[in-house]
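The points run from single residues to the chains and then to the contact between them.

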Amino acid sequence: METLLDSFAARALLAGLGVALVTGPLGCFVVWRRMAYFGDTLSHAGLLGVALGLALGVDPAVGIIATGLVIALLLIALQHQRRLPADTLLGILSHSALALGLIAVSFMEQVRFDLMGYLFGDILAVANDDLLWIAGACLAVLPTLAFIWRRLIALTVDQDVALAEGAGHISVRIAFMVLMALTVAVAMKIVGILLVTALLIIPAAAARRFATSPEGMAAGAALIGMAAVAGGIAASFAWDTPSGPSVVTAAALLFALSLAAGGALRRA
Amino acid sequence: MKRERLVDIREGCIVRGGRHILDRVDVVVHKGEIVTLVGPNGAGKSTLVRVALGLEKLDGGTFHRTPGIKIGYQPQKIALDRTLPLSVRRFMTLTQAASDAEVKEALNEVAVPHLMEASVHTLSGGEWQRVKLARAVLRRPDLLVVDEPTQNVDTTGAVEIYQIIARLRAATGCGVLMVSHDLNVVMAATDQVYCLNSHICCAGHPADVSRDAEFQRLFGPAAATTLAIYPHSHDHSHAPDGSVQGGHAHPGHDHHHHHYPH
């Protein structure tokens, strides 16, 4: 019994740490570029992806990644028309995808479908193939992000300057959107559809207080995210609280601490 | 000898919502030439700049830019989110690699070497303008594009900024395309002026433009008088692409005319 506990605890921790390693740096861009709503949209569309995956008999993660990519590309295409602002477009995409997802799920009475697990995540039910997905995502996202890092920073500071001076290209933005879709797909495993954005923005926001460079903030966000995962899982074991919300609550506590510590640093 | 045209816009039109933002606009920037766009708010100056930068496609007319030239762009505003921690040093190397010594030298040129390690979020409006200019200059561009480089800068500072741009042009022979509101200061430091109000109202050497009736109608007779006191030579008439040495700005200059060697 103890080895079983050990192994699923170890799997949960490994999965959570892997996800936090990716959501930290990526979450910084979500904060810098004010894309929190984009994270929500991707994750809301995830439910539709799960339903499609199950309907087509493929891994739900494949469905989630596929719908995420479609949403990301749709958004880039829609942004080229300038009649509607980005947040309105995202609202339309987000809620239509969520509504479609809920309808699709309602057709799946015969399939065993753990809706609560998808909405709130179940880190303690992480299986070995989930770990493989997460390891794969880390291996795909981190090197790609490192490769486009400088250009992505330039585009984030000022898109016109970056494009005019040849330091950025639309392909960099598309690559970033793809990374976001991948990351959200695996992060859903840990904290669920409703709380994914928290894992992107809270560690990044907490790291801001201590960072003097974009790279420092990205590293700090990864560390804070990993601490939140460890704390959340420990709390979930100790008090039998739901794991996803516990991780998010731990991250929120760390953010509150960063505010206090930042204030103390400023007075020092 | 015919000078190389870095930017060549012919009959350029941009239409948004049925309205002509740019209406059959002809603008040329030669190598080694300082070209200034003036015009009232909403005249399409920034749009024209975006066309020259390749950020905006013309709905009509032709745009040609020498392929492969290095662009340095100082935008009017950079809406940098406060959550992005960025030092001046890092900002300077945003789109190009440069050694610390090169960064220092560029900051020295705009008289703010002490700001190298400062966070860009702590800069005053004037310091920010200087740092933005230093960044564009550090690229040693073939074409420098500056949009309102002296916003939030006092008159002395504005004169200094135009001198820096003139020095860069003299040192590297780059072309400069500039948008400006400082009629009185910029005119002395420019070779060619385009007065834009969706269409090109008038174009030419500053002295000629200032006498143009349409220019006077747009900016008022006061502007024309301000310009008239600036150094220009009367013994030449200037073709639209006539080359004239850029002068030095002397605020408060009276009616002594400087005659530059041509």
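**Notes on the predicted model**

1. B:H30 is buried, at a relative accessible area of 5%; buried here means under 20% relative accessible area, exposed means over 50%, and partly exposed lies in between (1.4 Å probe, protein chains only). This residue belongs to strand β2 of chain B, residues 19-30. Helices (H or I, at least four residues) and strands (E, at least two) are DSSP runs numbered from the N terminus. Between B:H30 and B:L143 there are 113 residues in sequence, yet the C-alpha atoms are 9.3 Å apart in space.

2. The model is predicted, with local features requiring pLDDT of at least 70 and side-chain atom pairs pLDDT 80 or more, while totals for chains, interfaces and linings use all residues. Residues are numbered from 1 along each chain as its sequence is written, chains are lettered from A and ligands numbered from 1 in the order in which they are written, and side-chain values use heavy atoms, with hydrogens and water left out.

3. B:R169 sits in helix α5 of chain B, residues 155-172. Although arginine is a charged residue by the classification used here, B:R169 counts as buried, at 11% relative accessibility. Its side chain reaches the backbone oxygen of B:G32 at 3.1 Å.

4. Which kinds of element make up chain A? Chain A has 11 helices and 0 strands, and along the sequence its pattern reads α-α-α-α-α-α-α-α-α-α-α. Of its 268 residues, 50% are buried. Among contacts in chain A with a separation of 6 or more, 78% are between residues 24 or more positions apart; contact means heavy atoms within 4.5 Å.

5. Chain B contains both kinds of element, with 8 helices and 9 strands. Buried residues account for 55% of its 262 residues. For contacts in chain B between residues at least 6 apart in sequence, 69% join residues at least 24 apart.

6. Together the two chains bury about 2,100 Å², 55% of it on carbon and sulfur atoms. Buried area is the accessible area (1.4 Å probe) lost by two parts on being put together, summed over both. On the chain B side, B:P85, B:R90 and B:L94 lose the most area to chain A, together 29% of what that side buries.

7. The rule finds 5 salt bridges across the interface, each requiring a side-chain nitrogen of Lys or Arg within 4 Å of a carboxyl oxygen of Asp or Glu. B:R50 forms a salt bridge with A:D160, with the closest N and O atoms 2.5 Å apart.

Key. Polar contact = N/O pair within 3.5 Å; in protein donor to acceptor, adjacent residues only side chain to side chain.
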